[in-house]
Number of protein chains: 2
Amino acid sequence: MTRLESADTTTMQILKVAASHFAEKGLAGARVDEIARDAGVNKATIYYHIGGKAELYSEVFRANMHQSAEKLLSNVASKTSAEDKLRAYITTMVENLHDNPCAAPMMMREMASGGENIPEEGLNYVMRIFMTLTEILKQGQEEGEFRESNPAITHLMIIGSIMFYAAGEPMRQKLMTLFDGELPQQVFTDDGRLAAEISDLLVHALKN
Amino acid sequence: MTRLESADTTTMQILKVAASHFAEKGLAGARVDEIARDAGVNKATIYYHIGGKAELYSEVFRANMHQSAEKLLSNVASKTSAEDKLRAYITTMVENLHDNPCAAPMMMREMASGGENIPEEGLNYVMRIFMTLTEILKQGQEEGEFRESNPAITHLMIIGSIMFYAAGEPMRQKLMTLFDGELPQQVFTDDGRLAAEISDLLVHALKN
DNA sequence: GGGCTTTAACTAACCATTTAGTTAAACAAG
DNA sequence: CTTGTTTAACTAAATGGTTAGTTAAAGCCC
């Protein structure tokens with residue numbers, strides 16, 4: 001491994017570890033010392049490669065959003081009918097949050113703080129993702145497939161449910177061990193069926 | 001004002017201010033000095049009445065959950081049909097989060113951190129609220145009003161959308177000033193119609 | 001007098017950031 | 001080929017600001 005390659009993998013390792021710390025503890029709660037320790041590098045290496053805590057956070061957030069949004073937009077664009085686009089939208093969002101378990105917690109914390117630490121580029125993606133759904137719903141209405149609906153509410157229900165599902169895994173575990181006997185069986189779906197169930201419910205609600 | 005009353009109002013004032021700080025910055029991000037300053041009391045008064053930062057947080061969270069959950073359970077219990085109960089459930093939840101703007105952000109942060117700082121009593125309420133919806137859906141199915149559905153998904157869609165709406169207000173403001181021209185008109189509902197729109201969509205999706 | 005509150009330190013720990021190095025790979029000159 | 005030099009990558013230790021929590025003396029109001 002050449003020096004430059006080693007530098008790249010070091011940076012990647014730092015970003016990966018930082019993401020999990022920011023997801024679990026937030027920007028204020030995360031400790032640069034711990035990130036460095038878990039990444040197996042000296043703390044100063046983080047400052048050498050990336051910059052301070054704020055830059056580290058921004059970069060993690062930006063990279064997440066970039067990857068997720070690009071995949072979402074391209075998957076939706078590959079479909080033609082409004083229903084297929086809607087299903088692709090939901091399915092891809094579930095996949096993204098499954099592939100990147102840090103994204104949902106980080107996003108939820110940002111919502112709670114009014115998006116204080118979201119970098120500019122991140123806000124652009126938030127907007128594009130929302131506009132994409134608006135377009136899908138509009139197309140569905142124009143083609144007579146969907147009834148009229150408020151895109152903001154629909155968006156809320158999709159994003160809200162998926163984000164809560166993705167971020168809620170640790171909490172579900174906690175509840176399941178705490179209230180073992182009282183829970184009805186099978187209340188918690190697996191990832192695989194989540195997208196299908198949400199899509200079915202949504203399509204059922206939107207169809208004429 | 002008697003001595004005890006003065007102590008009570010001091011405590012209330014501290015809790016109220018602490019709630020807003022915890023909502024905006026989280027447990028790790030909030031500063032006890034700032035809470036004391038904004039509450040108009042000396043920092044020592046907080047330690048005298050309530051205890052340290054952790055106790056302050058627990059008490060704020062516990063009080064929120066207690067008030068919200070009791071209102072939710074009693075409002076649902078006052079209805080008889082499954083649809084009325086479901087509508088009461090949704091409406092009360094929207095009202096609760098409207099009356100107490102700190103609840104949604106605090107809850108979302110807790111979800112993100114796996115409920116690390118939720119006091120025992122709070123977890124009990126989370127469970128009871130979820131079980132209540134499960135009962136409503138079961139009743140609806142037994143009475144032939146609702147089709148079969150996964151209560152966990154339904155719960156996710158309700159809680160997720162309402163929480164995201166409630167916690168998302170500052171973010172919506174940010175997006176609206178940043179992307180002024182590009183936003184379609186009327187995409188963002190007002191609080192008053194939110195409960196009705198979610199209820200209608202949900203009932204439409206669940207009805208046979 | 002006694003419960004409540006303020007004032008105004010104080011400390012001990014924590015934590016982000018900086019500084020002053022060290023190491024080893026790449027490289028150039030002889 | 002090898003010796004000396006440069007440079008990127010990294011480390012260990014120090015620095016200095018911040019912060020939760022404490023304390024003691026004094027004042028206030030019933």
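The contact between the two chains draws 59 residues from chain A and 59 residues from chain B, where contact means heavy atoms within 4.5 Å. This is a predicted model, in which local features need pLDDT of at least 70 and side-chain atom pairs count only at pLDDT 80 or more, while totals for chains, interfaces and linings use all residues. Residues are numbered from 1 along each chain as its sequence is written, chains are lettered from A and ligands numbered from 1 in the order in which they are written, and side-chain values use heavy atoms, with hydrogens and water left out.

The size of an interface is often given as the accessible area lost when the parts come together. Between chain A and chain B the buried area (the accessible area, with a 1.4 Å probe, that two parts lose on being put together, summed over both) is about 5,300 Å², and carbon and sulfur atoms give 78% of it. The count of salt bridges between the two chains is zero, a salt bridge being a side-chain nitrogen of Lys or Arg within 4 Å of a carboxyl oxygen of Asp or Glu.

One part of the meeting of the chains involves helix α6 (residues 103-112) of chain A and helix α6 (residues 103-112) of chain B, whose axes come within 9 Å and cross at roughly 160°. Axes here are lines fitted to C-alpha atoms, for helices over the stretch in contact, and angles run from 0 to 180 degrees between N-to-C directions; helices (H or I, at least four residues) and strands (E, at least two) are DSSP runs, numbered from the N terminus. The two helices α6(A) and α6(B) are therefore roughly antiparallel, since angles over 145 degrees count as such. The contact is made by A:Pro105, A:Met108, A:Arg109, A:Met111 and A:Ala112 on α6(A), and by B:Pro105, B:Met108, B:Arg109, B:Met111 and B:Ala112 on α6(B). By class, these residues divide into eight nonpolar, no polar and two charged, where Ala, Val, Leu, Ile, Met, Phe, Trp, Tyr, Cys and Pro count as nonpolar, Asp, Glu, Lys and Arg as charged, and the others, Gly among them, as polar.

Within chain B, helix α4 (residues 53-77) packs on helix α7 (residues 120-142) at an angle of about 20°, with the axes 9 Å apart. α4(B) and α7(B) are therefore roughly parallel to each other, the term for angles under 35 degrees. Their contact has nine nonpolar, three polar and four charged residues.

Chain A, for its part, has ten helices and zero strands, and its C-alpha trace spans about 60 × 45 × 35 Å along its principal axes.

How values were computed. Parallel < 35°, antiparallel > 145°, perpendicular 65-115°, else oblique.
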